[in-house]
Amino acid sequence: MSYIIITLVGAVLVNNFVLSRFLGCCPFLGVSKKLDTALGMSGAVVFVMTIASAVTWCLDHWLLTPNGLGYIHTLAFILVIAALVQFIDIAMKKFVPPLHAALGIFLPLITTNCAVLGAAELNYKQGLGFVPSVFFSFAAAVGFGFALVLFSGIREKLAHADPPRCFRGIALALVTGGLLALAFMGFSGLDKGIERILK
Amino acid sequence: MTMAILCIAGVGLVAAVVLAIADRYLSVREDPRIGMVTAALPGANCGGCGFPGCDGYARALVAGTAPNGACAAGGEACAAEIAKILGVAAVATERRVALVKCCGTRSEAIRVGDYNGICDCNVAAATAGGDKGCTYGCLGYGACANVCPKGAISIRDGLAKVDKRLCIGCGKCVTACPKKIIELVPASATIHVLCANPDKGPQVRKVCGVGCMGCHLCEKNSGGKEAGHFTFQGFLAKVNYENPPTDEQIVAKCPAKCMSVDPHFETGH
């Protein structure tokens, strides 16, 4: 139980993928103009990241590490993730059309998303077991979605503002993203604190 | 080294085979006409037809649940092409463009307040109806220009103006305008009444130098009531776009100067 809480707090608030590891900045800026697209993208990322980490864990533990090929894991992971997302796209269209209608347009965007690869990389580096690595990826994806939804909420409000011409659009979005990252710095050490309390 | 190459090649091969099998056995059979109709549509995804994007409209067309000709952006040529694909008769549609029914510029229409809030008509209208003396007139804070997918609307001298050549008639500005003074009119119509104030003449004159007073002179000059070129709502003349007037003389004879010949072209980029 304490493991679940610590991992969730750590991945969502303290080491947020977008705001403190700076992974997945492209969709963070690209699909954050409207709240509903941000929610769709978040759902797709949670879905893909959880499955991708399970598949890459199997690949690493059953094929790469036994053969002493750990050094090419990045190459193998990106290959498998890209193929996996394509496969999910096809399978989803066939078996769960409503889910495909909701998340379908975001799936091609995730094919080479660095957040997905980043989660697999971190799992590899930390040497976690199967269930912990899948859960860590899920929590990290939730953190990504959390940041994306927060940011799109702010941007929707900011659309009414009247900033100087040079700040309009992506410039203001970058400044806002920076401030949001600064605010999230305030959470640093929170996971350690919770760990101490639970012990 | 050899092992690494074999490994990556093997992983790639397995992925390719899985994807090929998935594509063969899991692919969903779609009506090929959906793709053809989508290709025939303009692809602007403006939402003017009421469906989410061109793809949504194409699906509804193929399913037979939407009428052909709802695409204002594509116009007649697009409807004819879709009709050819679907094998049904095209519904003749005339190209429609947006018209802002107000000509009260900053010098003509008085402003009763000094508005310094958020630059958006909806916010301004919610603040005691806006700063314009005429409660029906264009506020000029660009709510319509902000939603226009083609950038066809620009604000000139406190008034929204539509560029006829860029307008695709999607109707987004019609819903965005808090004063409801934007109307989709046939692109071929040239004579328009640029006022939306139905009040009596003296009341209109108090707030605007170019407001319609309902003197019926335009109706008289265009052949009387029988000709049916104009309809009246209170003390406001409206062009009957089913039967628009063609005699441009009546514009110059309007005592209120609220009529115009082809106001669309006054903008231009």
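**Group meeting: a two-chain predicted complex**

Residues are numbered from 1 along each chain as its sequence is written, and chains are lettered from A and ligands numbered from 1 in the order in which they are written.

To return to His216(B), its phi is positive, near 65°, although the residue is not a glycine. Most residues other than glycine have a negative phi. His216(B) sits in the loop between α8 (201-207) and α9 (217-221) of chain B. Here helices (H or I, at least four residues) and strands (E, at least two) are DSSP runs, numbered from the N terminus.

Lys257(B) is partly exposed, because it has 16 other C-beta atoms within 10 Å.

Next, chain B as a whole. Chain B has 11 helices and eight strands, and 36% of its 269 residues count as buried. The mean pLDDT of chain B, that is, the predictor's confidence in each residue from 0 to 100, is 85, with 96% of the residues at 70 or more. Within chain B, confidence is lowest in helix α4 (residues 75-86), at a mean of 82, and highest in strand β7 (residues 236-239), at 92.

Helix α3 (residues 53-63) of chain B has several buried residues, among them Cys54(B), Tyr57(B) and Arg59(B). The buried residues of α3(B) pack against α2 (32-40) and α4 of chain B. After α3(B) comes Gly64(B), with a positive phi near 85°.

Turning to chain A, we find 10 helices and zero strands. Of its 199 residues, 36% count as buried. Helix α3 (residues 35-64) and helix α8 (residues 130-158) of chain A have axes that come within 8 Å and cross at roughly 165°. The axes are lines fitted to C-alpha atoms, for helices over the stretch in contact, and angles run from 0 to 180 degrees between N-to-C directions. Angles under 35 degrees count as roughly parallel, over 145 as roughly antiparallel, 65 to 115 as roughly perpendicular and the rest as oblique; α3(A) and α8(A) are therefore roughly antiparallel.

Finally, how many residues does each chain bring to the contact? Chain B contributes 17 residues and chain A contributes 17 residues, where contact means C-beta atoms, placed from the backbone, within 7 Å. On the side of chain B that touches chain A there are 13 nonpolar, two polar and two charged residues. Ala, Val, Leu, Ile, Met, Phe, Trp, Tyr, Cys and Pro count as nonpolar, Asp, Glu, Lys and Arg as charged, and the others, Gly among them, as polar. For the complex, the predictor gives an ipTM of 0.75 and a pTM of 0.61.

Definitions and conventions:
This is a predicted model: local features need pLDDT of at least 70, side-chain atom pairs count only at pLDDT 80 or more; totals for chains, interfaces and linings use all residues. Two residues are in contact if their C-beta atoms, placed from the backbone, lie within 7 Å. A residue is buried if 20 or more other C-beta atoms lie within 10 Å of its own, exposed if 12 or fewer, and partly exposed in between; C-beta atoms are placed from the backbone.
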